[in-house]
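Thanks for asking me to look this one over. Here are my notes, point by point, to read with the model open beside you.

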Amino acid sequence: MSIVLEAKHIDKYFRKPVLFHVLKDINFQIKKGEFASIMGKSGCGKSTLLYILSTMDTNYDGELFLNNELITNYHRDKLSYIRNKHIGFVFQFHYLLSEFSVLENVMLPAKKLAEKSLQEIEHDAIEKLKILNIGHLAKKRASRISGGEKQRVAIARALINNPSIIMGDEPTGNLDSHNAENVFNIFERLSNDHGLSLLIVTHDKDFAKKTDRIIQMEDGKIIT
Amino acid sequence: MANWSVILNIAKTHLLTKIKQTSTAALGVTFGIGAYITLVCFMTGLNGMLDDLILNQTPHIHVYNEIEPSKKQPISLYDNVEGSFNVVHSIKPKLSQKKIHNALPIIKYLEENPNVRGALPQIKTQIFYIAGSIELGGNLTGINAVDEARLFNMGDYIVEGSAEDLQNTDNGILLGIGIAEKMSLKVGDRVQLSPINGGIFPLKIVGFYQSGIADLDAIQSFTNIKTVQRILGKANNYITDINVKLYDIEQAIPMSKKIEQQFNLTAMDIKTANAQFETGTTIRNLITYAVSITLLIVAGFGIYNILNMLIYEKMNDIAILKATGFSGKDVQLIFMSQAMIIGFVGGVLGLLIGYGLVRLIDTIPFQTEALPTVETYPINMNPLFFIIGFSFAMVSTFLAGYLPSKKAKKIDPVEIIRGQ
Ligand SMILES: Nc1ncnc2c1ncn2[C@@H]1O[C@H](COP(=O)(O)OP(=O)(O)OP(=O)(O)O)[C@@H](O)[C@H]1O
Ligand SMILES: [Mg+2]
């Protein structure tokens, strides 16, 4: 199985307010189609790690590979392109552009990528919304839908460019158990049916147990 | 790799959801540009009118014999006191004639010069106007009336009669309107003139002259050159002034220098004679631009403020855009295009409002004795001003948008996402 994401000897320090070694020699791999979860106590560095893996944070030591390509030290603009094409990110808080419609929110990353025509993009976006059972919300304004719905719109947006990997920082953090279950099922289906790799930070033991692998973190280190 | 349709779409949505603030910012630009167009068209119109006033009737070079003390006093010719310190008290000008020596050959010579449009002889003299028992001092100038009308727009200042009438009437006079009023004279009446050295000559009034300058109109009259020569009892080569009109006014200074050297006469060029006039033009332009630039700076700060506020409000959007693959440059372009859209819309509206106002001013009646040919306020509607105004709007909004958009470019998405 090919490796989608690989971290080698990643260290990170926060220098303010005091020097703080937040990530210590992180090494792991995510294979294609693998559904992995990260667990650990609050403050152990999960989010920090995810920001590095998603290329948004470039201030770290060590090496990061995406599809076996070393992307550490790439220029910011190149990294933006990589994020756009290869990485889908789902935040804990449903980050949508509130003045745009649900459909436009989902279409935006594809419009930026500009590999497909507008019709194709719109078609794909509606498709993704249907997969997540929110096709009927397409024309609504993003600020006028519920939290759980927003979460699913964010997942649809993360999927729009058919990325190599989806990363989520507690994507089910503020969903009720029914909706959390629902999101888990969607992730599992994407992983099994579409060979999508997933790396999800979660505090939900039940959620984590059902994934292929649990990466356990403690004090900035991976312990299993 | 800017994807303009996406960027403009986001910019448009941001602007439309904040339509109130956006319109305020755009209105600032509108006022700035509108005021600029109105001011500059009006001011340059005014300048143009005043320029015409001076330039049309003023010779480019005025050649005459200046009465001045000799530069070399006789004592300096006397060898015995050479090297000693001489003091000469109460120097008086040498007795010399006003007449330009060899005037006719000089005029002929000047007219052969390719730069010269025309060189016209004049005779200036002092006389008294006599009607019944009234006796008024004044000036009489002998001219070639038709040529004066052709080169110096004399026709504009003849309120009754015409230059031809003067040319074709022996012993005719074009009387200053002030004199006519004082002496209650009409066209067709006779007025008696007496030159300083005696004698009385009756002249027929063929028209009235009104320059608009009351003091001048109360003393100045015109007649034919021949008539003046007869009144003064001089030969027909007696000429006191030569007025030269050039094709290119820029040649006035070098040409006048040349004339002075060549003929040992005084030659006053129009630039030197009207230096203070140029100052007035410069200051009016200065005021126009100072006011316009001030207004635009205020408008620019409005845009700067609103964009700053917008970026502050849109932190989340910026973080999302960056997290989903928009580069810092894309984000900068989004906010830059918002500034430019505000500038464009505000600028175009400003041009339209300016155009409307200028058109309006153009219809307001403006009548003054000084300018018999002007009926409404003068306007100079130069397309260049509209181009400058529009560029002004774009440049100032660009500058106002640059700093805030640069800030948006630098925003670190991680910090925003963490801050939630
Ligand atoms: N900008 C920062 N400057 C300094 N210290 C920071 C900064 N951001 C995070 N930290 C510290 O780094 C540590 C790891 O933070 P991080 O957000 O990665 O934790 P986490 O594992 O995601 O916790 P949670 O489960 O609560 O989200 C924490 O102790 C936090 O206080
Ligand atoms: Mg966290």
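1. Let me start at the contact between the two chains. Across the interface of chain B and chain A there are seven residue pairs in polar contact, both residues at pLDDT 80 or more; a polar contact is a pair of N or O atoms within 3.5 Å, where within protein one must be able to donate a hydrogen and the other to accept it, and residues adjacent in sequence count only if both atoms are side-chain atoms. On the side of chain B that touches chain A, α1 (4-17), α12 (315-323) and α15 (413-419) each supply at least two residues. Helices (H or I, at least four residues) and strands (E, at least two) are DSSP runs, numbered from the N terminus.

2. A word on the ground rules. This is a predicted model, in which local features need pLDDT of at least 70 and side-chain atom pairs count only at pLDDT 80 or more, while totals for chains, interfaces and linings use all residues. Residues are numbered from 1 along each chain as its sequence is written, chains are lettered from A and ligands numbered from 1 in the order in which they are written, and side-chain values use heavy atoms, with hydrogens and water left out.

3. Back to the interface. The contact (heavy atoms within 4.5 Å) draws 27 residues from chain B and 24 residues from chain A. Together the chains bury about 2400 Å², with 63% of it on carbon and sulfur atoms; buried area is the accessible area (1.4 Å probe) that two parts lose on being put together, summed over both. On the chain B side, B:I320, B:I417 and B:R418 lose the most area to chain A, together 22% of what that side buries.

4. Two salt bridges cross the interface of chain B and chain A, a salt bridge being a side-chain nitrogen of Lys or Arg within 4 Å of a carboxyl oxygen of Asp or Glu. B:K314 and A:E99 meet in a salt bridge, at 2.3 Å from N to O. Over all chains, the whole structure holds nine salt bridges. Within chain A, A:D57 pairs with A:K12, their closest N and O atoms being 3.1 Å apart. That pair links distant parts of the chain, 45 residues apart: A:D57 sits in the loop between α1 and β4 of chain A, and A:K12 in strand β1 of chain A.

5. Four strands of chain A form an open antiparallel sheet in the order β2-β1-β4-β5; two strands pair if DSSP finds at least two bridges between them. Because β2 (20-31) and β5 (69-70) of chain A stand at the edges with a single partner strand each, one side of each is left without a neighbour in the sheet. Eight bridges join β1 (residues 3-14) to β2 of chain A, with A:F14 partnered by A:F20. Five bridges join β1(A) to β4(A), where A:D11 has A:D61 as its bridge partner.

6. Two local backbone details deserve a check in this region. Where does A:P17 lie? A:P17 is in the loop between β1 and β2 of chain A, and the peptide bond from A:K16 to A:P17 is cis, with omega near 0°. In the hairpin of β4(A) and β5(A), two residues lie between the strands, and A:N67 in the turn has a positive phi of about 50°. Most residues other than glycine have a negative phi, and most peptide bonds are trans.

7. Helix α1 (residues 46-53) of chain A lies across β1, β2 and β4 (61-66) of chain A, at about 60° to β2(A). Axes here are lines fitted to C-alpha atoms, for helices over the stretch in contact, and angles run from 0 to 180 degrees between N-to-C directions.

8. Another open sheet of chain A has six strands in the order β6-β7-β8-β3-β9-β10, with mixed pairing. Its edge strands are β6 (87-90) and β10 (221-222), each pairing on one side only. Five bridges join β3 (residues 35-40) to β9 (residues 213-218) of chain A in parallel, and A:A36 stands opposite A:R213. Helix α2 (residues 76-86) of chain A packs on this sheet, touching β6 and β7 (165-169), its direction making about 80° with that of β6(A).
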